[in-house]
Amino acid sequence: MNILKLVARNLFRKKGRFVFTLLGISIGMASFVALLSMGENMQSVVKAQAESLGASFMIMPENICIYNQMAIVTGETISESMEYKVFEDLTAVNDVTIIPHLTQKTSIKDKPSVVAGILPRETYAFKVWEMNEGVFFESDDQNAVVVGIDFAETRNLRVGETVTVKGEQLPVIGILAKTQGNDDMTMFAPLTVVQRLFNKDGYISYMSARVKDMSKIEAYEDAILKIANVQVATNDKLLESVLSIIGSVNSTLRLIAGVALIAAAFGIINTMMTAVYERRREIGILCALGGRAGTIFKVFLIESGVYGLLGGCVGVVAGYVVSVFAAPIINREGLDMLKGVSAEASIDIKLVLTAVIVSFVISILSGLYPALKASKLTPVEAVSYG
Amino acid sequence: MDKEYSIIKTEGLEKLYGKGAVKTHALKGVDIEIPTGAFTCITGPSGHGKSTLLNLIGGLDKPTAGKVFIGGVDITGLSNGKLAAIRASKIGFVFQFFNLLQNLTALENIQTAMMLNPAIKLTSKAQKEKAAELLELVGLLNKADAKPYELSGGQQQRVSIARALANNPDILLMDEPTGNLDTESEKEVLEHIFAVHKTGKTVIIVTHNDSLAKKAELLLEIRDGRCLNYTP
Ligand SMILES: Nc1ncnc2c1ncn2[C@@H]1O[C@H](COP(=O)(O)OP(=O)(O)O)[C@@H](O)[C@H]1O
Ligand SMILES: [Mg+2]
């Protein structure tokens with residue numbers, strides 16, 4: 001017999017209560033892990049997408065709001081438009097390569113989809129694309145689409161099939177090789193085709209630009225702003241503002257996780273207080289047998305610590321399972337920002353350790369008061385009366 | 001009586017329970033001496049201070065005034081930790097109710113007492129062997145793995161006696177150990193108590209059983225917080 005064995009016997013004596021208390025802390029920890037790992041993943045996904053934009057800076061409508069900036073980074077459509085003429089004006093700036101995009105929402109095989117109108121030749125060169133299958137556009141007004149590889153996969157599209165956009169049948173002539181960015185989840189068509197189909201003649205959504213010499217980027221920005229009423233943002237700046245939004249989302253998630261943990265802590269306190277009350281006679285017996293206050297304190301503290309360790313481990317596993325399975329569901333509900341999270345959900349050792357330690361510390365703190373109560377009981381009353 | 005032979009001695013022992021308005025003067029000055037190895041019975045009406053006296057002697061509670069000597073050592077001023085060590089190594093308790101830890105087997109109950117003794121650290125194997133010996137002593141080796149609720153009241157008290165012996169204490173304090181038993185079980189338990197006394201232990205029993213009291217080498221009667229009769 002030793003203290004750990006005594007604790008083990010105490011833990012399992014009320015199996016239902018043990019399981020429910022453990023569930024409480026496990027659910028708390030699971031939400032902690034799920035919310036934190038989703039937040040982390042969101043950040044890394046957005047960073048990867050921003051890198052894959054393949055541009056030095058973005059040229060956007062003048063009054064674009066931060067949510068639309070975020071939409072550009074994450075490959076969504078944006079509501080603002082600007083005139084195609086602005087693009088033509090800006091081609092006058094030397095040493096800057098600019099390509100226009102017109103992004104629109106549509107539905108392909110019952111899935112919400114983004115169709116991007118592009119200048120085929122210029123964009124192909126700008127993006128350094130390669131074909132996985134089929135061919136690229138041959139002319140600037142070809143009535144056809146080329147799709148990203150994930151777009152094709154998720155919708156079961158093959159080269160040679162046709163898709164219906166705005167009531168018009170367009171053949172899928174090619175599938176792009178993997179780019180690791182939004183382009184994988186996008187359907188492309190020549191700019192003029194998209195303009196015609198969506199009644200956006202003469203309009204584009206935004207432009208991507210690349211410069212030869214990054215050190216002179218400010219000079220180019222000035223040159224652009226002199227010519228047109230637009231907003232210019234480098235990728236870094238865009239990323240920064242998008243990450244700041246994600247950051248505030250993250251702190252909200254952390255807050256929710258914190259509340260779940262506090263609830264779990266009270267679950268442990270409640271269980272341990274009940275246990276102290278129920279076992280006051282046994283505490284008296286332990287005293288009579290020579291148990292010190294410190295020993296009794298230890299017995300109860302270890303007991304609640306075990307809840308923390310077990311709950312932490314169960315919670316971490318459950319949390320990762322949730323974050324892997326929940327992200328696609330959240331996706332379907334329309335939070336496209338989380339796109340790709342599930343694919344990238346990786347097990348972060350630091351987060352695992354943090355979670356288990358947090359859980360252990362919380363349970364130890366929760367056990368302090370009940371354990372102190374137990375160690376201060378006067379044994380005489382407990383053992384004397386029936 | 002010579003001090004050398006008194007394993008237990010009290011001087012002007014008083015106990016006042018409660019704070020504030022409701023106070024109970026449970027002991028009002030008790031002076032007793034119990035010789036080493038004496039079979040001692042404490043009798044008296046309910047609520048007159050017998051348990052209080054036993055608990056003070058055993059260091060389970062602290063007196064309001066007066067002193068308790070165990071083996072010539074004044075334990076009155078000792079820290080809680082030192083008192084616990086004395087309870088663990090020198091004293092074995094048997095109570096009327098709720099003696100056993102309900103979630104542990106008979107054997108584990110005895111092992112727990114060994115675990116709580118800081119003076120001797122035994123391996124798990126040694127604990128088990130010794131606990132089994134003690135169970136054999138009270139005739140319950142076949143119940144080693146039984147939980148308390150699987151035992152009769154008499155069997156539970158016999159396990160309690162075995163557990164009280166776990167650390168080979170000099171003194172056994174028993175508070176109405178047969179108070180809750182039928183006559184048949186009581187007889188059996190008492191036989192084991194007599195046997196234990198014969199091994200040289202000082203046994204102090206609170207009892208309402210007159211025929212047991214008659215067998216006592218020392219009989220104390222506690223009435224209204226005082227020790228009335230003191231018949232060696
Ligand atoms: N822990 C306690 N708190 C307050 N009063 C107590 C406590 N223990 C005993 N008493 C009171 O002290 C008196 C003596 O009790 P006790 O020693 O248990 O008597 P006995 O064992 O002779 O029946 C009783 O009046 C009882 O109510
Ligand atoms: Mg009593």
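In this predicted model, chain A and chain B bury about 2500 Å² between them, with carbon and sulfur atoms giving 64% of that area (buried area being the accessible area, with a 1.4 Å probe, that two parts lose on being put together, summed over both). On the chain A side, A:Met1, A:Leu289 and A:Val380 lose the most area to chain B, together 28% of what that side buries. The contact draws on 25 residues from chain A and 29 residues from chain B, where contact means heavy atoms within 4.5 Å.

One salt bridge is found across this interface, taken as a side-chain nitrogen of Lys or Arg within 4 Å of a carboxyl oxygen of Asp or Glu. The partners are A:Arg9 and B:Glu108, whose closest N and O atoms are 2.4 Å apart.

Turning to the ligand, 13 residues surround ligand 1, each with a heavy atom within 4 Å of it. Residues from both chains A and B take part, so the site is shared between chains. B:Gly47, B:Gly49, B:Lys50, B:Ser51 and B:Thr52 are the closest. A backbone N or O atom of B:Gly47 sits 2.6 Å from a ligand 1 oxygen atom, while for a polar backbone atom of B:Lys50 the distance to an oxygen atom of ligand 1 is 2.8 Å.

Residues are numbered from 1 along each chain as its sequence is written, and chains are lettered from A and ligands numbered from 1 in the order in which they are written. Local features need pLDDT of at least 70, side-chain atom pairs count only at pLDDT 80 or more, and totals for chains, interfaces and linings use all residues, while side-chain values use heavy atoms, with hydrogens and water left out.

Notes: Polar contact = N/O pair within 3.5 Å; in protein donor to acceptor, adjacent residues only side chain to side chain.
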